[in-house]
Amino acid sequence: MSGDLRTNSILGATLGAVLGTMAIGLFANGVVHSNYPEKAGYLPEVTAEEGGGGPSAPAGPPDFGRLFADQTQLASLVTHGQQVTAVCGACHDFTAGGPNRTGPNLHDVFGRHSASHPGFDYSDAMKAHNVTWDYLTLNAFLTSPGTAVRGTRMAFAGIHNENDRVAAIAYLRSISPNNVPLPAPLPEAAPAAAAGGAATTTTTTATTTAHGTN
Ligand code: HEC
């Protein structure tokens, strides 16, 4: 049914939505109308597959409150984070009571105050940083250490892939005895997920799956 309307919606999310809306107006007898809710019905599936950090996510920090809320998803992030943080092992020990190396022991760094691990000679820049290492402060630091803490001695470019960075933070959190309350999910995420039926904004995420089911 109505193949070229589907094609349009695959080519461009906004275009598809606009055409769909126009088509409903033009062919109000329902030929096109029946296609519209069917397409929208694929949305939850796509959302679940992507699992966050979608293409429409703006430049803001990751939505930790949402990403870490689901225990299954969190467990796979922790596993992935352990792999991501293997590179840190060149300079950091992660074990409880383990030594300082080129960098300080990181076992309890999540929830620990910056530059506070005993026996490590921190740079003046790190001593002046004065934060608790939590979701957002670690996210900023690990994105680009030298930008977040100008003059740090941590000679590491950063974890540029957001999913990898979030996973690294999930891992650091999982090994730390410190508890830092999870931030509330960001407000933008809720309307997109809850819109369900006819939201123009969610059409973007439907394109891939709509293509796959044709
Ligand atoms: C080349 C060595 C090196 C690598 C690789 C490295 N670090 Fe570091 N890291 C350091 C040094 C040195 C410091 C202390 C920085 C200072 O005093 O300015 C540090 C400090 C830190 C701190 C602050 C600790 C505190 O007690 O305040 C965190 C958090 C951290 N690193 C996380 C990581 C993570 C996560 C990775 C891997 C993704 C990593 N580092 C990779 C050398 C490294």
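**Notebook: core, iron site and loops**

I began with the nonpolar core. The largest one has 30 residues, and F68, F94, F110, W133 and L172 have the most contacts inside it. I take a nonpolar core as a set of buried Ala, Val, Leu, Ile, Met, Phe, Trp, Tyr and Cys residues joined through side-chain atoms within 4.5 Å. Buried means under 20% relative accessible area, exposed means over 50%, and partly exposed is in between (1.4 Å probe, protein chains only). Next I looked up which elements give two or more residues to this core: they are α5 (64–67), α6, α7, α8 (135–143) and α10. The most comes from α10, with seven residues. I noted the general rule beside this: in soluble globular proteins, nonpolar side chains tend to be buried together.

This is a predicted model; local features need pLDDT of at least 70, side-chain atom pairs count only at pLDDT 80 or more, and totals for chains, interfaces and linings use all residues. Residues are numbered from 1 along each chain as its sequence is written, and side-chain values use heavy atoms, with hydrogens and water left out.

**W133**

I listed the contacts of W133, where contact means heavy atoms within 4.5 Å. Not counting residues up to four places away in sequence, W133 touches V109, F110, G111, R112, H113, S114, A115, M126, L138 and F141.

**Iron site**

Which residues coordinate the iron atom of the ligand? I found H92 through NE2 and M154 through SD, at 1.9 to 2.1 Å. Donors here are N, O and S atoms within 2.8 Å of the metal (3.2 Å for Na, K and Ca); water is not among the atoms, so sites may look incomplete.

I then checked the geometry. The iron atom has six donor atoms with angles of 86 to 179° among them, and the site is octahedral. Six donors count as octahedral if opposite donors are over 155 degrees apart and all others between 65 and 115. Ideal angles for six octahedral donors are 90 or 180 degrees.

H92 counts as buried because its relative accessibility is 10%. M154 has a relative accessible area of 25%, so M154 is partly exposed.

**Whole chain and confidence**

I counted 12 helices and zero strands in the protein chain. Both are DSSP runs, numbered from the N terminus: helices are H or I with at least four residues, strands are E with at least two. Of the 214 residues, 37% count as buried. Among contacts with a separation of 6 or more, residues 24 or more positions apart account for 54%. The chain exposes about 11,700 Å², with carbon and sulfur atoms supplying 60% of it. Accessible areas come from the Shrake-Rupley method with a 1.4 Å probe; for residues, only the protein chains shown count as cover.

I checked pLDDT, the predictor's confidence in each residue, from 0 to 100. The chain averages 77, and 60% of the residues score at least 70. Residues 14–54 stay under 50, and the model has 42 contacts beyond four places in sequence for them. Residues 197–214 are also below 50; beyond near neighbours in sequence, this stretch has 23 contacts in the model.

**Loop residues**

S176 lies in the loop between α10 and α11 (189–194). Is S176 buried or exposed? I found S176 buried, with a relative accessible area of 10%. Leaving aside neighbours within four places in sequence, S176 contacts H107, D108 and F110.

H160 lies in the loop between α9 and α10. H160 counts as exposed because its relative accessibility is 61%. H160 is in contact with T143 and R165, leaving aside neighbours within four places in sequence.

I finished with backbone angles. Most residues other than glycine have a negative phi. A115 is not a glycine, yet has a positive phi of about 55°. A115 sits in the loop between α6 and α7 and is partly exposed at 23% relative accessibility. N130, also not a glycine, has a positive phi of about 60°. N130 is in the loop between α7 and α8, and counts as exposed at 54% relative accessibility.

Methods: Four donors count as tetrahedral if all angles lie between 85 and 135 degrees; four count as square planar and six as octahedral if opposite donors are over 155 degrees apart and all others between 65 and 115; anything else is irregular.
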